[in-house]
Amino acid sequence: MRQPGSPVIGLEIHVQVATESKLFCACSTDYIGAVPNTHVCPVCLGQPGSLPVINGRVVEYAVRTALALGARVGKSTRFHRKNYFYPDLPKAYQISQYDRPLAEGGALPIGEGENRKEIPITRLHLEEDAGKLVHSAADGRLGHSEYSLVDYNRGGVPLMEIVSEPEISTPAEAREYVATLRQLVRYLGVSDGDMEKGSLRVDANVSLTGADGKLGTKVEIKNMNSLRALERALDYEIARQADLIRKGESVRQETRHWDDGNGLTCGTRGKEEAHDYRYFPEPDLPALVLPDGFVEKQRDIMPEMPWILKERFVTDWGLSLQDAAVLTELPGLSRYVEDCVREGADPQRAANWIRTEVLRVLNEKRIGIEDFGVPAENLSPLLVKIDRGELSTTLAKTVFDRMVAEGLTALEALEKIGAPSGRLTGERLRNVIERVLEKESSAVEEIKSGKDPKGKKRGFLCGQIMREARGQADPEEVAKTLSRFLGC
Amino acid sequence: MNRLQMSAADLARAVKNREVSAAENVQASIARIEEVEGRVHALLTPLFDRALEKAAQIDQKVGKGEDPGPLAGVPVIVKDNLCMRGLKTTCGSRMLENWRPPYDASTVRFMEEAGAVILGKANMDEFAMGSSTENSAFFPTLNPWDLDRVPGGSSGGSAASVACGYAPLALGSDTGGSIRQPAAFCGVYGLKPTYGLISRYGLVAFASSLDQVGPFSRSVEDLALVLNVLAKPDPADATSSRRERPDFMTFLGKENLKGLRVGVVSEFEAYPVQPEIKEAMERVQNILREAGARFSCVNLPTTIEAGLPCYYIIAPAEASSNLARYDGVRYGLSVEARNLGDLYMKTRGRGFGAEVKRRILTGTYVLSSGYYDAYYLVALKARTKISREFKEAFQDVDMLLMPTTPTLPFRQGENVEDPIQMYLGDVFTLPVNLASLPGLSLNAGYSKTGLPVGIQLVGPQWGEGTLLAAAEAVERVLGKPACAFGGV
């Protein structure tokens, strides 16, 4: 049983699905910054006589998301019409899913170690987005506007609504839930998950457990456009409700808007309209029956989930949890580090280098890893050289900066900096060794007379040779050639 | 033979063989329309100039030796709820009085691609709601055989056009009888195809799960010819069946109907119909029996008991949602208003006629929370049961024979004040829509007063071929339906 007064939070998250075209027509979904009402057609404008046709790619993306959450994907699901009048809704109904959503059940894991918790998922369903109203008033609100304009570019953009069970206990957990879900959709490549742009919108249902341990009256909060706003809004709302209860007043069931500037939630003024959406099965769309093998195929092309990847980085590579968390935050970054390791770099070396050097460059340039000019197969040889002692870290940083600035490979950069180009081998390596042996003749004598049982002197000689070669020699070849010179 | 009496098949052959030009066909039709239209009022928008241009294009094609298509130079009338790009498509409503769709209905495109020349848009009951064309917001169409009487509806303008010889073919739509009933009242053929045979894309929706586009003609061969043009799978309509279509011409030219099992519905036999209709039933039965068909009785108890109420719940429910988009925001009528709610009320208050409002109210009511289960859900169950009942009947018979209507064409104004009486006239047609079946109304002669009498053939899903073969057998005996006003 829940503690009286403890918060109960459930989240409904609308995720814009990043397909190229809309849910029921071929119009582009790339509406941000577009001239209003240019990404429209008879279908998404709800022109009389037009009909919707489901975009199969959206179904693929949604199924992948459902599978990642461990949800059960319905073999035969269907769409309903949700009827209400509003100017941004061109057909005066939204095509959504109601009694047979695309997927049900599943969970999203959040937290680490002792704090690890699975937040159960109720359902995942598909629906179309509405257009956007632009109010003429200076404050952008309807109330003071002389007129309002409608832009239907966003109308019909595919949305996945992911509903959690009310099993989130704190604003911090809610924040982590959303952050994890955002990371998930980015990993799957099904959405950019950008809260500021509105590609990921969170509505929260909040109540406080009553004295009898039962659920209290729930309040829905909307308009939280960042993780910080979400956490602040929930903090505020929980305090507000607790205050009401303390004063012996009752919590009203309502929808409240988060006002980020003033840091408070405010109720929608006036009477709460009881909505009757008159849901009924969409007669323009047959049941959505997934063909045999459809779900399996999506499962086969799913990437590793970020939380599993993180665990693997810790157990297989011995990275710290913090390193692993940073490197798995974005799918591109984790792919990059994996590529480096595959190309021969030591995982810890790669992790350090990426966290410090690569992220520094990305932050400076304000770009993502996808636009980073040094591919993993170029960075990896540099890291290997550091590990082999062929390059000092300081020199390596100079080389790296050159690689970034001019788009060079490690070898090209080394050459430009004036370090000997290419490896010292054969004749040139022998010349270097001869020079060192001449200079260190006493050590040579000691080795030849058997006074170096632990190979300390030999090691010293190798180091001297590598130094002379400015790190540009293969340690193994150095050791072998040296043995030949020493005759033992 | 008089050109106005010629079938579409003969006209197309003549154009292809350069015996007549498409332009001559169109000019003859225009002359006929100018002669008769002042009395009948079948057309809302004549498209004569456009038709002459299109005809010239066809003649050019013929001149160049290109294939002008199976309907080369055949004049056609189209119901005004089928979209034609840039041309008025009013649906018989003030709401869309000046609306010009930005796209063509698929069926319009198919017809024009086949060489048909569209001469005008036909009058109809507002949004296809009605059985007399008296619900047109503009003017009523009159029955060509008796100007005091109604032509039926809602496709009254299309049926009257074909009866008057404006064109050998017209397109209509049928949601509960809107092709077959006016075909019967005007003495022509009217075919409501299996749901999903013909695309609905660009047909302004009344009740999406019941609407089908279909043809009117004065010959069975023309029905087959135009089905070959119209019955294509359409990716723009998700409810369009993907099954392969037969060549409908192959069902014609059968020597006899040996082996054909025809059912008469016991419950319908007991239903009170006018004596002329009973006589026509017997006439057709005798012809079919003569041609080799065997008769038996089938029972459709649920259909007769629940069909009408079931239809008048489902159709208005869907209509209330389909017509919600006419809100004055994007297109169509928009009445000056103080605020959004006012805009909705004034626009819809003025834009819709009484029957449309009646159905929107009914539909909204049956979908409302608290009533959904008692009305809409029960109707859906009844619909399933009716479909099953027909399916079972079609295990014993290949086709059903029934009246199209219980009465002969009624007088103008006779049923206007009594919507229930009007609804009862659909008793034989609407179960066919509920069960998604094909239905063909044929002219089976005339009453003593010279009014046409229609009889209906109903087949199992995708059974159009059987209906064509049986109708042809009747046509051989009774002849092709005559033109009203005796041709020219």
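Predicted model: local features only at pLDDT ≥ 70, side-chain atom pairs only at ≥ 80, totals over all residues.

User: Which helix is B:I304 in?

Analyst: B:I304 is placed in helix α10 of chain B.

User: And what does B:I304 touch, leaving out residues up to four places away in sequence?

Analyst: With those left out, B:I304 touches B:E267 and B:F268. As for B:E269, 35 residues away along the chain, its C-alpha atom is separated from that of B:I304 by 11 Å.

User: Switching to the contact between the chains: how many residues does each one put in?

Analyst: Chain A gives 26 residues and chain B gives 34. On the chain B side, α10 (301–322), α11 (340–351) and α12 (354–367) each supply at least two residues. The largest share comes from α10(B), with three residues.

User: OK, chain A now. How many helices and strands?

Analyst: Chain A comes to 15 helices and 17 strands.

User: What's its radius of gyration, next to a compact globule?

Analyst: Chain A has 31 Å, whereas a compact globule of 488 residues would be near 23 Å. Its C-alpha atoms fill a box of roughly 100 × 55 × 50 Å along the principal axes.

User: And how much of chain A is buried?

Analyst: Of its 488 residues, 39% count as buried.

Definitions and conventions:
Residues numbered from 1 in each chain as written. Chains lettered and ligands numbered in written order. Helix = DSSP H or I, 4+ residues; strand = E, 2+ residues; numbered from the N terminus. Rg over C-alpha atoms; globule rule 2.2 N^0.38 Å. Buried ≥ 20, exposed ≤ 12 C-beta atoms within 10 Å, placed from the backbone. Contact = placed C-beta atoms within 7 Å.
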